[in-house]
Amino acid sequence: MSPNTPPSPETKRNFPSIFKAVQTIWKRERSITEVIIHISNALALMIVGHLLFTYVTFEKMEVVFSSVNSEILYYILGGFIAQMIDGALGMAYGVTATTFLLSVGISPAAASASVHASEVFTSGVSGYMHLKFGNVNSKLFKTLVIPGIIGAILGAYVISSLEEYAGFIKPIVSIYTLFLGAIIIRKALIKRQEKRQLKKVGLLALFGGYLDSIGGGGWGPIVSSTLIASGRHPKYTIGSVNLTEFFVSLASSLTFFTVIGLGYWQVIIGLILGGVVAAPIAARLANKLPIKSMMILVGLVIIIVSLRQIILGADKFF
């Protein structure tokens, strides 16, 4: 078609339809939840872009790759195991990864910081998919998100400030992970739970976010289990809690990086790599594994490893 040839009727019809489609999408009414998600995504991209252009230079990347050692294989294994369990059960990524990192000598603050940094990726994708498929209750999400973020920031700041007392904190955190292991087993064994009204949901989110940062996990087992036990619909509870977990993990990670810096990148990369490898395998096996037996096994493993950490750290108190 030459430049002077007038557009055909079909071309004339196409342009207005495309313009109308864009206009419809642009003017579409959005819920408060969607607006918060889009604003947070934009802020997250700005922060990530700033960090990349500020800290990721060719010289620094060369130093980073030259310092990689065989220890990263342990962290890849930890990420793989944690993601396999999380993919099969829909929970326990944080507590499994944290328990593993504590057992190989990582300090509580570094373990929690690394787990939450890797969880930003996994919870972001999970939360977005729940939102996309309509599994998010806007009212419940708005009730959870602000207290959860505040709790996460407080927990991350407290455990980071007490880094010099890591020898004392590790057995205390292990007591907490032991408690979470018991919650996982209890959730597997109890068939019916008595429904009760839960009024202080914001306080629950604050408590869950705080303990999640201190222990490196527990947001899902604490918040989801409590809400479902109180009679909330499992579908919307899990979707809303998963979406909130992205903001809790992001707030916790930023606080950790502000206080203790980016010195544990090898642990973070190992967890992410292991999780990426395990994700498709876990998704395929999710419907084939006996979930109840898996939950009991995971709970027992967490309890045994936590008891080991408590016994090893008991001499700090006596």
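**Helices, a patch and a buried proline**

Mentor: Let's start with a pair of helices: the axes of helix H6 (residues 108-132) and helix H11 (residues 234-260) come within 7 Å and cross at roughly 145 degrees. Please keep in mind that this is a predicted model, where local features need pLDDT of at least 70, side-chain atom pairs count only at pLDDT 80 or more, and totals for chains, interfaces and linings use all residues. Residues are numbered from 1 along each chain as its sequence is written, and side-chain values use heavy atoms, with hydrogens and water left out.

Trainee: What do the angle and the distance describe?

Mentor: Two packed helices are described by the angle between their axes and the distance between the axes. Axes are lines fitted to C-alpha atoms, for helices over the stretch in contact, and angles run from 0 to 180 degrees between N-to-C directions.

Trainee: Which other pair packs at an angle of about 35 degrees?

Mentor: That is H7 and H9, whose axes are 6 Å apart. Their contact has 14 nonpolar, 7 polar and no charged residues. Here Ala, Val, Leu, Ile, Met, Phe, Trp, Tyr, Cys and Pro count as nonpolar, Asp, Glu, Lys and Arg as charged, and the others, Gly among them, as polar.

Trainee: Why is Pro 147 called buried?

Mentor: Good question! Buried means under 20% relative accessible area, exposed over 50%, and partly exposed in between (1.4 Å probe, protein chains only). Pro 147 has a relative accessible area of 18%, so Pro 147 is buried. This residue is found in helix H7.

Trainee: How do you know whether Ile 150 is buried or partly exposed?

Mentor: Ile 150, also in helix H7, has a relative accessible area of 42%, and therefore counts as partly exposed.

Trainee: Which residues form the nonpolar patch on the surface?

Mentor: They are Ile 146, Ile 150, Leu 154, Leu 203 and Leu 206, with about 440 Å² of accessible area together. Patch residues have over 30% relative accessible area and no salt bridge; like charges are joined within 9 Å, nonpolar side chains (Val, Leu, Ile, Met, Phe, Trp, Tyr) within 5 Å. A salt bridge is a side-chain nitrogen of Lys or Arg within 4 Å of a carboxyl oxygen of Asp or Glu. H7 gives the most to the patch, with 3 residues.

Notes. Accessible areas come from the Shrake-Rupley method with a 1.4 Å probe; for residues, only the protein chains shown count as cover. Helices (H or I, at least four residues) and strands (E, at least two) are DSSP runs, numbered from the N terminus.
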